Structure formats: structure tokens, C-alpha cells
Amino acid sequence: MAFVGRRAGSSICSQLCGSVVNLRMYSSRVDWKQLRPMILKRVKNRSKEYPVKRMIPVAQEVVRAREILTQGVSMLLRAVPVHSCKFCPEVHVGAMAHQMKTCHGFKRMIKDRPHKWGPGGLNNILVPVEAFHLENTCQDEIKHDQRFDFNRVPAVLELCHQAGADIPDGVLYGRDELYTACSANNQNFAPFLPDELRLIGQRTLEAWERLRLGVTKLLLVYPSKVCENCSEVHVGLSGHKARTCGVFKFEGWRGKHKWKKAGVDDLVPQKIVWHQRPHDPPILVNSGRDYYGHAPAVVELCVQVGARASPKYNCMMKEHGLAPPIQRDQGT
């Protein structure tokens, strides 16, 4: 009976899976010499898939939004004072800088120190982020010895360039937009009417939202990398090989970047600053740090001229939050 059962089981298995004689046994060894030309050909043909035609209008819209944003911020800086700390990246948007002790120094070796304020500019609101300029998305990796052979361009424009946007060389290579100092102080106000400032601020705020939304869409199609240890950004399939990471320069990897997938905040940093609400004191003090809100620097700049921010910033800005107790402020 056992023999009959084994025969019945083998016949059922042969009907379901086929005859054992007809099965093919594949070897675990792979001949990479034969596969290498096929892999290289597939990688080379991959460049024909880019740029994606449906994403070209998105890239062109991002370029236009960036231009409007840069012009709008430059005009608002002539009417709204901006202060930047000389020893840390802290920025304050408003007539009078805050007095909170949040300075940590250049190397973060100190904490809870008062800031030493100076006039701010365009770079303090729109943080410049640069990347290597590539001819196409599927270009070979940049070696460490080739790091000076490639130009550095704004990362957003590099992303739009690889997405198929037609960017003039003067805009792509010209760094006057982000590197021209636009000093804003109490003695250099622009003769704008309040209604004109409000319209400029609203248009700038809308361009900021369009820019971030367009970059988010482009990052879904075009890969970009950012280093986990520093703010280096690379737009392409894989990160470059330039050993320029200075965070752990004494480690064994000799300044190599540790790449991960980049997000919209890596290419378009928000630069969070303190938000001054209507019911806050004229000068923000250290005792009210738990009550004050925050906002991106561009949003805070536009809100102070009368623009209406998106409701998604209400939680961050604490618009309906409580004011700090007056007794504590008088004690300081």
C-alpha cells in the first residue's frame, strides 16, 4: 500500500509540476563577462528615457517661480529689516531683533549666549544650495580628482535643467541673484505704499509655494541625493565621489559623503525664524520662548507686510496661542 501511495504521489506531482526529466537545473555561477556588455548597454539606453516630456512644463514653472521669488524677496528686504547673528546662523525678521539667548557659536561649542546682530541680506532668507552641473542625468560619476572640472550651479536650476527646462546660461551660471548683498536697515526704506507691499508680499508667498510644490514633483521623477553628515546635494542617479565632507575629516573614509535620498527641504531650505504675533511684545525676550511661534523666513517676511499665509503654517506660527506672562518679562 505504501508503494502504491508513493506512485500516486509522484504521478500527481508530475502532472502539476511537469516531469523531473524536463526540469532545467541552473548553475549558481554567473558569467559576468557576458553580462557586463548587456548591463552597460541598458544603462546607456536609459538616458533616452530622460527628460520626461510631461515634467518639462513643471520644470519651467519652477524656474519662473524662483525668479519671481528672488525679485520679491529683494524688494521686500528694502522695506523690512532683517538681522543675522555674526556667530551662528540665527536670523530675525523685524525692526528690532530679539533678545533670546539662543546663540551656540560657530562650532556649537557654547550655548545659551546672547546674539551679536548685524544687517542681514538675501542669502539669509533664501539659503543658497549648489550642486555639480551635469550634461545629462545618466552621466558618469564625478571622481575626486574631477571636482574642479565641473561648474557649481544652484541645485534647483540643476534639477530643472535635467528635467528639460530651457535655462539661459546667464541665469544658470550667474550667481548675482543669491550672492548680491541686499542690506536692509532702518535708514534705507523703499518708497512703497502699504498696498503695494502687501501685493508684492502675496505674490512672493505664492511663488514660494509654487516653487516648493514643483520641486516636490520633480524629485518624484528625477533622483537627487543629500549627504547625511553635511548639506552637500547632488542631482543625479548616484552621488559623486568627491571627498569634500568635512564633518568627520579624521575618520577612515577620508571625507566621503554618506548619501541618502534628498527631499524638498534639502534643495529649498525653509530657514525657520521666530514669528512675532500681534499680541507679542515689541522685543521677544528669553522668558517667552515657550510661547512664541516659528515660521519660514520667506513666510515671516511676507506676513510682516500684510500677506496672508497658508493655513498649514498656523500650528507652527501659534497664531491663536497665549501671550507670555507680563510678570516674567518684567523680572528679566
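Hi everyone, thanks for coming. Please keep in mind that we are looking at a predicted model.

Let's start inside. The largest nonpolar core holds 60 residues. Which of them touch the most other members? They are Ile 125, Cys 160, Trp 208, Val 215, Leu 218, Leu 267 and Leu 301. Several elements each supply at least two residues of this core, including α3 (56-76), β2 (91-93), α5 (155-162) and α10 (297-303). Helix α8 (194-219) is on that list too, and α8 gives the most, with 9 residues.

Now find Trp 208 on your screen. Setting aside residues up to four places away in sequence, Trp 208 touches Leu 69, Leu 126, Val 268, Pro 269, Gln 270, Pro 296, Val 298, Val 299 and Tyr 313. There is also a second, separate core of 5 residues, among them Met 100, Trp 274, Val 285 and Tyr 292.

Next, His 104, which sits in the loop between β2 and β3 (117-119). Is His 104 buried or exposed? His 104 counts as buried because its relative accessibility is 18%, and the cut-off for buried is under 20%. Beyond its neighbours within four places in sequence, His 104 is in contact with Cys 88, Pro 89, Met 109, Ile 110 and Lys 111.

Last stop: helix α2, residues 32-46. From first C-alpha to last, α2 reaches 20 Å, close to the 21 Å expected for its 15 residues at 1.5 Å a residue. How many of those 15 residues are buried? The count is 0, so α2 is hardly covered.

That's my tour, thank you!

Terms used
Residues are numbered from 1 along each chain as its sequence is written. This is a predicted model: local features need pLDDT of at least 70, side-chain atom pairs count only at pLDDT 80 or more; totals for chains, interfaces and linings use all residues. Side-chain values use heavy atoms; hydrogens and water are left out. A nonpolar core is a set of buried Ala, Val, Leu, Ile, Met, Phe, Trp, Tyr and Cys residues joined through side-chain atoms within 4.5 Å. Buried means under 20% relative accessible area, exposed over 50%, partly exposed in between (1.4 Å probe, protein chains only). Helices (H or I, at least four residues) and strands (E, at least two) are DSSP runs, numbered from the N terminus. Contact means heavy atoms within 4.5 Å. The expected span of a helix is 1.5 Å times one less than its number of residues.
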